[in-house]
Amino acid sequence: MILLFTDYGWQGAYVGQLKTAIYNVSRSAAVIDLQHDAPVFDSRASAYLLASLVDFIPADALILAVVDPGVGNAARRPLVMKADGRYYVGPDNGLFNVIARVAKSVEFWRIDWQPTGLTKTFHGRDLFAPVAAMLDQGDRPELTRLVVEDIGFADWSAELAEVIYVDNFGNVITGLKGLSVSTDMRIHLDEREVGFAETFSAVGEGEGFWHINANGLVEIAVNQGTAALAYNLKIGDPVYMYQP
Amino acid sequence: MILLFTDYGWQGAYVGQLKTAIYNVSRSAAVIDLQHDAPVFDSRASAYLLASLVDFIPADALILAVVDPGVGNAARRPLVMKADGRYYVGPDNGLFNVIARVAKSVEFWRIDWQPTGLTKTFHGRDLFAPVAAMLDQGDRPELTRLVVEDIGFADWSAELAEVIYVDNFGNVITGLKGLSVSTDMRIHLDEREVGFAETFSAVGEGEGFWHINANGLVEIAVNQGTAALAYNLKIGDPVYMYQP
Amino acid sequence: MILLFTDYGWQGAYVGQLKTAIYNVSRSAAVIDLQHDAPVFDSRASAYLLASLVDFIPADALILAVVDPGVGNAARRPLVMKADGRYYVGPDNGLFNVIARVAKSVEFWRIDWQPTGLTKTFHGRDLFAPVAAMLDQGDRPELTRLVVEDIGFADWSAELAEVIYVDNFGNVITGLKGLSVSTDMRIHLDEREVGFAETFSAVGEGEGFWHINANGLVEIAVNQGTAALAYNLKIGDPVYMYQP
């Protein structure tokens, strides 16, 4: 099973061609669109978002992730990671670093395999998708084992006190884990602040609060409102959480 | 086969995680995205919209429907309905009431099965998706049969003289059935009104009309225009249809 | 394998019902969403866009394409095309003409098969999808062979010096092929013009350029900017490319 995580959006033929490239290699692949609106060109925010999703994914599912502002840049290596038994395929730009940081075991390979006719701008279709399909069906593309320390993920924190995503309801997802905070903590937002509530209905209409979302992250929300607008928050904004 | 009908939107990982939860139970499930922009948090409009879609669905397909503003509210029961031989899985908030109302035979069960780690906000992924996958592959989750009269669907009308959806072309779908009206009827819209036309090309450019859409519902449209803007209509607005 | 190319958008139940109609005929069909935001009601621009995508598609995959402003018009024939061994199913409105124009071998059939209950507005679901599913599984719906010359594709140019699509990053795709131009050519845009660059990073931030995109078409872009806004371009606008 291959799960797709990209910043391509649903418009255009980008996702469709990614899938076609998988099926060109493996007709029997099961492909799931996990998310296609990852923070655009933002591999750092995307890394924290992706890390929050992997706990709910079958252990034998492969993750094909493409958030790749450096596509076409010769310095950026195409990568395969194996973390706690699961394969990840994508660019070497930090996208897998948060998962690597918290994994019990991790290995990395540089992808040496190359298709004929690799384009400069669509490595997702031309390179990553075929490699993902090969690995998914048990084949082995040409890979070179990398020294784990060279990836640099050890410098990444396991959490990020920033906004990493705003969903279509305007809920503001942070890179902070619910397991690391306590429910008496508050989040400072400019002149205002919000406290914890278990669910939306626990606060009044239009009132802001933070809760632990279904993927274990601290999320700022407004009951029947739009937190991103109410608090003027966007991806990359810092989040100050404190014990009063 | 499992058909998904939700108000999650295509953004975020909501739909992706719903599917992942299905595949966690059943790798061979065939899953189709029927619609993911059902009227948000509006189980009433969604109920009439969903009812208009089921005639075109194979009899053995299961429908997993989640429009669930009450998620996290302990009073809201998770439900399995079997109507005219087809299973429906979702919240007990009226979402299936229109289908129940017109079905020849209908049964209801409360879902007693619970996953470990049920979150407060994502019952679609944690509860409804696994139950749908179990039923789809012939397994039986823990269920308790409910008295049909307790659901309260008998009080629902089979049709709704309101706007229940606006599509991406601005066409305005009502909860009225084409089979119940005659083509000499007119729809009163504020100071204006529209008459029937068989197709878009039967009226002049920019002219409004009503027709019976491909799912059998009365729909207000403008030839090469946007009916929702032209007549200032949104979900929930009343629709006055009369015989001149 | 069936690839879908439509202007339905992802909203509503249009795509979902198209797929359901395929599965009603063939449960084992593999269906891929190639693109659902083809230029709306614009079969000409869509024809050039679709033609740019087919090289990356497996030879045995069938293409079900619906961009059909004339649906409900009795004069518009439903069509099956076989070009270079691949089947295409859709309306006879030019949508397949660019592919036919450059194909080595091409055959056409009028679809005579009709479902019971063909609606006036949703031939994608009612007519084209079942026919595509039948052909995909090796069945033969009722078809009448057409004289190739009657289709009129010979009058279509293989390329189009116009904007044919704007993607979600605001990149402007033209109907000109990279193989037909040379990198010293420039594109005139109102008072301004842009030259060739291999990739985004080869020009300064905010600077415009043209490049050959991953599907072989000339594309106008702005590094870290939005070309469609910067140059005020939309589908159908002419593109003047010249040798200085």
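# Interfaces and symmetry in a predicted model

Mentor: Between them, chain A and chain B bury about 2000 Å², and 59% of that is on carbon and sulfur atoms. Buried area here is the accessible area (1.4 Å probe) that two parts lose on being put together, summed over both.

Trainee: Before we go on, what are the ground rules?

Mentor: This is a predicted model, where local features need pLDDT of at least 70, side-chain atom pairs count only at pLDDT 80 or more, and totals for chains, interfaces and linings use all residues. Residues are numbered from 1 along each chain as its sequence is written, chains are lettered from A and ligands numbered from 1 in the order in which they are written, and side-chain values use heavy atoms, with hydrogens and water left out.

Trainee: Fine. How many residues does the contact between chain A and chain B take from each?

Mentor: 22 residues from chain A and 22 residues from chain B. Contact means heavy atoms within 4.5 Å.

Trainee: How many salt bridges are there between chain A and chain B?

Mentor: Two. The rule wants a side-chain nitrogen of Lys or Arg within 4 Å of a carboxyl oxygen of Asp or Glu. A:E198 pairs with B:K120 in a salt bridge, with the closest N and O atoms 3.4 Å apart.

Trainee: And how many residue pairs are in polar contact there?

Mentor: 13 residue pairs between chain A and chain B, both residues at pLDDT 80 or more. A polar contact is a pair of N or O atoms within 3.5 Å; within protein, one must be able to donate a hydrogen and the other to accept it, and residues adjacent in sequence count only if both atoms are side-chain atoms.

Trainee: Which element gives the largest share of chain A's side?

Mentor: Strand β2 (residues 31-35) of chain A, with four residues on the side that touches chain B. Helices (H or I, at least four residues) and strands (E, at least two) are DSSP runs, numbered from the N terminus. By class, that side has twelve nonpolar, five polar and five charged residues. Ala, Val, Leu, Ile, Met, Phe, Trp, Tyr, Cys and Pro count as nonpolar, Asp, Glu, Lys and Arg as charged, and the others, Gly among them, as polar.

Trainee: Now the side facing chain C. What does that interface bury?

Mentor: About 1900 Å² between chain A and chain C, 58% of it on carbon and sulfur atoms. There, 22 residues of chain A are in contact with 22 residues of chain C.

Trainee: Which side chains meet in a salt bridge, and at what N to O distance?

Mentor: A:K120 and C:E198, at 3.4 Å. Helix α1 (residues 14-25) of chain A gives the most to the side that touches chain C, seven residues. By class, this side of chain A has eight nonpolar, nine polar and five charged residues.

Trainee: What rotation superposes chain A on chain B?

Mentor: 120 degrees, with 0.0 Å of shift along its axis and an RMSD of 0.0 Å. That is the relation of a three-fold axis. The superposition is by least squares on the C-alpha atoms of residues with pLDDT of at least 70 in both copies.

Trainee: Which residue of chain A comes closest to the rotation axis?

Mentor: A:W10, at 4.6 Å by its C-alpha. The copies use different surfaces: 5% of the contact residues of chain A recur in chain B.

Trainee: Switching topic. How is chain A divided?

Mentor: Into domain 1 (2-155) and domain 2 (160-242). The bounds come from an automatic or database domain assignment. The C-alpha centres of the two domains of chain A lie 29 Å apart. Their contact takes twelve residues from domain 1 and nine residues from domain 2.

Trainee: And what area is buried between those domains?

Mentor: About 920 Å² in chain A, with carbon and sulfur atoms giving 63%. A:R44, A:Y48 and A:S52 supply 41% of what domain 1 buries against domain 2, more than any other three residues.

Trainee: Which residue forms a salt bridge with A:E162?

Mentor: A:R44, with the closest N and O atoms 3.0 Å apart. Helix α2 (residues 43-53) of chain A gives the largest share of domain 1's side, six residues.
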